[in-house]
Amino acid sequence: MNRHDGQSRDVAASDGPPLPSADLTSAVGETQHRRLRMLDGWRALSILLVLAAHLLPLGPKLWNINGEVGVIGMAVFFTLSGFLIVSILQRDPDIGRFLVRRIARILPLAWLALILTLPLEKVGPPVWISNFLFYANLPPFPFAPWSGHFWSLGVEMQFYLAITILVLGLGRRGLWLVPMAAAAVTASRIVVGVEVSIVT
């Protein structure tokens with residue numbers, strides 16, 4: 001699940017005391033930053049929770065512990081993802097560079113997986129298109145049996161698109177709208193009684 005620029009190299013001074021700033025621009029102009037090591041533990045926790053939800057019997061089916069553990073794992077993952085993406089754009093609001101990095105990390109392997117598996121599922125064009133363009137997590141949820149887990153990529157890619165539009169329109173200031181939007185979405189789901197949803 002590790003697809004974030006939060007994995008950048010540790011930056012340390014070659015001699016003298018550690019740099020006081022978390023940011024450093026290299027000779028080639030690439031922005032580097034200190035890695036937040038504590039996030040690795042949270043990332044590992046999210047992975048283990050999702051794997052446990054899918055692979056282990058965590059209690060009587062009646063209690064639905066597997067479902068709840070999976071939801072917690074994904075909540076941790078999306079919280080980390082949102083934090084890291086906003087942090088990356090706060091440091092470097094260059095949308096072109098941001099999109100190239102996101103696309104290079106996600107599209108090649110995701111599309112290769114679809115190319116290898118969707119022909120075996122014998123599905124029609126709507127399923128191909130919605131999965132390749134990452135909107136199969138929206139109604140009417142046109143997943144193939146194998147590609148159901150692609151819903152999380154849909155959520156993530158749609159978040160990238162939304163935050164790209166936000167930063168293009170408002171610059172770094174637009175990032176302040178992200179926590180407000182998250183709170184608004186959460187409040188609306190509480191009001192309508194939706195506890196879990198794969199819709200972005």
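Is Phe134 buried or exposed in this predicted model? The legends below take up this residue and several other sites, beginning with the whole chain.

**Figure 1. Overview of the predicted model.** The protein contains six helices and two strands. Read from the N terminus, these elements follow the order β-β-α-α-α-α-α-α. Of the 200 residues in the protein, 32% are buried. The accessible surface amounts to about 12300 Å², and carbon and sulfur atoms account for 71% of that surface. When contacts between residues at least 6 apart in sequence are considered, 56% of them join residues at least 24 apart.

**Figure 2. Confidence along the chain.** The mean pLDDT of the protein is 83, and 82% of the residues reach a value of 70 or more. In residues 1-32, the pLDDT is below 50.

**Figure 3. Phe134 in the loop between H4 and H5.** Phe134 is found in the loop that lies between H4 and H5. With a relative accessibility of 5%, Phe134 counts as buried, because the limit for a buried residue is under 20%. The phi angle of Phe134 is near 60 degrees, which is a positive value in a residue other than glycine.

**Figure 4. A cis peptide bond between two prolines.** Pro139 and Pro140 are joined by a cis peptide bond. The omega angle of this bond is about 10 degrees. Pro140 is located in the loop between helix H4 (125-132) and helix H5 (151-170).

**Figure 5. Asn64 in the loop between H1 and H2.** Where is Asn64 found? Asn64 belongs to the loop between H1 and H2. Although Asn64 is not a glycine, it has a positive phi of about 55 degrees. The relative accessible area of Asn64 is 40%, and the residue is therefore partly exposed.

Figure 6. A search of the whole structure finds three salt bridges. Side chains of opposite charge can pair when their charged atoms come close. Asp40 and Arg43 are separated by about one helical turn, because they stand three residues apart in helix H1 (residues 38-55). Asp40 is partly exposed, with a relative accessible area of 25%, whereas Arg43 counts as buried at 7% relative accessibility.

**Figure 7. The salt-bridge network of Asp92, Asp94 and Arg97.** Which residues are linked in a network of salt bridges? The network links Asp92, Asp94 and Arg97. Between Arg97 and Asp92, the closest N and O atoms are 2.7 Å apart. Between Asp94 and Arg97, the closest N and O atoms are 3.6 Å apart. This second pair still counts as a salt bridge, because the cut-off is within 4 Å. Arg97 is partly exposed, with a relative accessible area of 34%. Asp94 is also partly exposed, with a value of 32%. Asp92, by contrast, counts as buried at 13% relative accessibility.

**Figure 8. The side-chain contact of Ser81 and Glu156.** Ser81 has its place in helix H2 (residues 65-91). A polar contact of 3.4 Å joins the side chain of Ser81 to that of Glu156. Ser81 counts as buried, because its relative accessibility is 2%.

**Figure 9. A nonpolar patch on the surface.** Which residues form a nonpolar patch on the surface? The patch consists of Leu109, Trp111, Leu112, Ile115 and Leu116. Together these residues have about 500 Å² of accessible area. Trp111, one of the patch residues, is placed in helix H3 (residues 95-121). The relative accessible area of Trp111 is 31%, so this residue is partly exposed.

**Figure 10. Val185 and Thr200.** Val185 has its place in helix H6 (residues 177-192). At 40% relative accessibility, this valine counts as partly exposed. Val185 and Thr200 are 15 residues apart along the chain. The C-alpha atoms of these two residues are separated by 9.4 Å.

Methods:
Residues numbered from 1 in each chain as written. Predicted model: local features only at pLDDT ≥ 70, side-chain atom pairs only at ≥ 80, totals over all residues. Heavy atoms only, no water. Patch = residues over 30% accessible without salt bridge, like charges linked within 9 Å, V, L, I, M, F, W, Y side chains within 5 Å. Areas by Shrake-Rupley, 256 points an atom, 1.4 Å probe, with all protein chains shown as cover. Salt bridge = Lys/Arg side-chain N within 4 Å of Asp/Glu carboxyl O. Helix = DSSP H or I, 4+ residues; strand = E, 2+ residues; numbered from the N terminus. Buried < 20%, exposed > 50% of the residue type's maximum accessible area, 1.4 Å probe, protein only. Polar contact = N/O pair within 3.5 Å; in protein donor to acceptor, adjacent residues only side chain to side chain. pLDDT = per-residue confidence, 0-100. Contact = heavy atoms within 4.5 Å.
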